[in-house]
Each structure stands twice: as structure tokens, then as C-alpha cells.
Amino acid sequence: MSKLRRAIAVLATTALVALAPGAMAKTVVVRAAHMIDVMGGKRVDDAQVVIADGRITAVGHKGDAVPADAQVIDLGGRTLLPGLIDMHVHLTGDPRFSGYTSLQFTDQFATVVGVANARRTLEAGFTTVRNVGSDGFGDVALRQAIDIDEIPGPRIVTATYALGTTGGHCDTTELPPALDRTWPNIANSPEEFRALVRKMHKYGAQVIKICATGGVLSKTDAVGAQQMTFEEMKAVADEAHMLGLRVAAHAHGTQGINTALRAGIDTIEHASLADAESFRLARQMGAALDMDIYNDDYILSEGAKNGVFPESLEKERLIGRKQRETFRAAHAAGVTLLFGTDGGVYPNGDNARQFAKMVEWGMTPIEAIQAATTTAAKYLDRTADVGAIATGRYGDLIAVDGDPLADVRQLEHVTFVMKGGEVVKTAG
């Protein structure tokens, strides 16, 4: 066959595919007895949502007109919500392999673990996550595989490696000098951190994560000690913002938290020892605190048998309750609080267990839900796509059997999940 004839055949085939009925935009109608309007902060009855080609085209009530050829999914007495957002996960993490137990596995084992965790997280109702730290660019690999439908999983906002200083929380501190190695995420000056921001952005970072203070699960540092200077943090913030990226800072200690806020960091992760000045700075700078107040229960009950270092367990005992008290104080002070759980420190897929903790420590159920929907979408800069059941956004929906505004633990038992208009999970 000549080149011309082959070209004509290809064009003809393309035209037939374009005109075929199966190539038309798929329309799905989802109905339920109730829906949580997260933007209005209220429950709506007899809800109906129309989704075409993956995005919501109409939000109304049962009985509203729908296209004749639409697929109708009636969820009966269940309650619809937008897909949930977790702002702090590590999909390639698994608490069963803590401490030195992780050394028995090969380099890319964690990425394979991430494939299973991505599915669990999606089926738990979290259709979007911010993955704030992953070695070997494993989070980017997961995002790429999910985006082309090779594996199921949530929409992932990737940070790649978390950036830190030599000997800090983001460095390897559990090995002797003879076994140590140079990691690609370590810097020790403002200019070195600027270069790392550019490098991580080059290889897939959509948000930048830094370690501003020590941490619980790192072996040799004090949990509250500041580990980056103001100049280093500001260099990261300035460079990331110039590239259109937000910055998240791991920070437990008061001084590190306040330095990060003054440097222009967008979200403070953990924020365990934040004080009144922290709250003032967060409000002034438009920053948010992202506090993982569920996983203390898991770490203290399961950590020892999973290989967590004894000194890490001691640090958790010292800081876990204080973090929850800080959460309550921050909420009372009017600070913006996000839903972030540190998934991977506890089993990914159990993310919704944090909702009850947020209510226990001061939030109303709708405030906790908004922290995982509208507010989270704002701090992801993705309000056009996720965070609410609204026209134009992705058809990311979940449903529960009961009323989460009366019992927020209903969100621990999601019975229906849809992502981009495609059913991921259903029961009944």
C-alpha cells in the first residue's frame, strides 16, 4: 500500500471512530435521598447530579430533566458528598515496615506498595490526595499510572522528595557513616534549596515539601528543633511561588512553625507546638495548619510491633496529646485548618478515622467535612476541579448510608465512590 493510501485509510478510520455512538460524551445521572452542600454548609434532600464526560453539568433535584440516553444511578436513601481530599499522605508508606524493617526490601518496593495503597485510599472515598514526600519519585510514577488508567487511585498532587538539611528529619539518620549515602533532597544553603526546588519541579513536583523542624519518626533529632534557617525557608517559598507551586512545611516546634510562616510557607504540617503568635501569623499570611490528630492512636498502639524506634515512641508520647490541644486552640482562634492525616504512618485507607477526632477536639461535623473538601481544594489551587458538588467540577462523588452531619463516623463506611463519572465502588 502506498503512503498516500495508508494516510487515507488512517483518516477514514479516525472519522468513523469520531462518529461512532460510543465516542459521544457519556452522561451519568446520580440520585440520592440527601446531599451535603459543602459550600452552603447544609444538607439538601432529593438530590440529582448530572455528569457528562467526567464533569458535573447540573446539580438539582429528582424530577429535573435529564438527557434521554443518560445512565441513571439511584442511590436510594443514601447521602451524597463530594469526593474527599486528604492533604497529607504518603501513599508509598506502610507502617508495617517501620524503622529498620524497611531495609529488607529492594529499592522500588515502596512504589509497588503504593499501588495497593492508592486503590485503598480511593475506595475509602478520598478521590484526591496531596502526597507530601516520596523517595525515588514514586508518587510521580503512581500519578502517571493513575492518570492513564493503568491502575486505580485518587488524583495525586505530588511533592516528590521532601527537602531538608543534613542530619535533619528529611535525611537518613538511622545508619552509621559506613552505610550512609547522599540523598538528592538535602541542601544546606538558600541557593542549594533554590536549586532543589527547580530540580523537583523538573521531575514532577506539583507542591514543594520541606522539613523545617525535627520529627517523631526520625531517629536522632529533637522533635521541635528548628532545622532550616529563615533565609533557607524563604528561598524555597520564593522559588516555588515563582514557579506557581505552593509549599508545605513539616514543623512541630514553635520557633520553626513561626519562622516558616514569616518566610511565606503556605501550609504547616503537624503544627504540634503552635502558639498564639503562630495563630496570628497564620491568619495574617493566609496560611493553614494541617494537623494529623488521628495517627497518635495508631502509633502508640501498633508502633512497637511494627518496628518504630523506641525513641520515636517516646517523642510521640510527649507530643501527641499536645498536638490535639493545639488543634482545639487553633480552631477557637479562627485559624484555617485542613484535613491531613499522614497516611502511611497508619494504614492508608483508614483516612476517614480522623473526622471523629476533629469533632472530638472542637470542630462541628460540617467544619471537618469542609476541611476535607472546599478548604482543601482552595489550598491545592484546584477549586475549579474538586472539593464540591458543583457545575464544572469533576464528577467525584461518594455516598454513605447515614447522615454524616449527625454522625461524622459515617464517613468511615463509604458505600459508593465515583471518580470522574466512573463508578469505582458500590454496595447494594
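Mentor: Start in helix α2, where Glu123 and Arg119 are four residues apart, so about one helical turn separates them. Helices here are DSSP runs of H or I with at least four residues, strands are runs of E with at least two, and both are numbered from the N terminus. The side chains of Glu123 and Arg119 meet in a salt bridge, with N and O 3.2 Å apart; the term asks for a side-chain nitrogen of Lys or Arg within 4 Å of a carboxyl oxygen of Asp or Glu.

Before going on, keep in mind that this is a predicted model: local features need pLDDT of at least 70 and side-chain atom pairs pLDDT 80 or more, while totals for chains, interfaces and linings use all residues. Residues are numbered from 1 along each chain as its sequence is written, and side-chain values use heavy atoms, leaving out hydrogens and water.

The structure holds 27 salt bridges. One of them joins Asp396 and Arg155, whose closest N and O atoms are 2.9 Å apart. Between domain 1 and domain 2 the count is one salt bridge.

Those domains, whose bounds come from an automatic or database assignment, are domain 1 (27–82 + 388–426) and domain 2 (84–380). In contact (heavy atoms within 4.5 Å) are 22 residues from domain 1 and 22 residues from domain 2. Together they bury about 1900 Å², 70% of it on carbon and sulfur atoms; buried area is the accessible area (1.4 Å probe) that two parts lose on being put together, summed over both.

Rings of Phe, Tyr and Trp (its six-membered ring) pair if their centres lie within 6.5 Å, with planes under 30 degrees apart counted as stacked, over 60 as edge-to-face and the rest as tilted. That rule gives ten aromatic pairs. Tyr100 and Phe309 have ring centres 5.1 Å apart and planes at 70°, so they are edge-to-face. Tyr100 lies in the loop between β6 (84–89) and α2 (109–123), and Phe309 in the loop between α8 (295–306) and α9 (310–332), so the pair ties together parts 209 residues apart in sequence.
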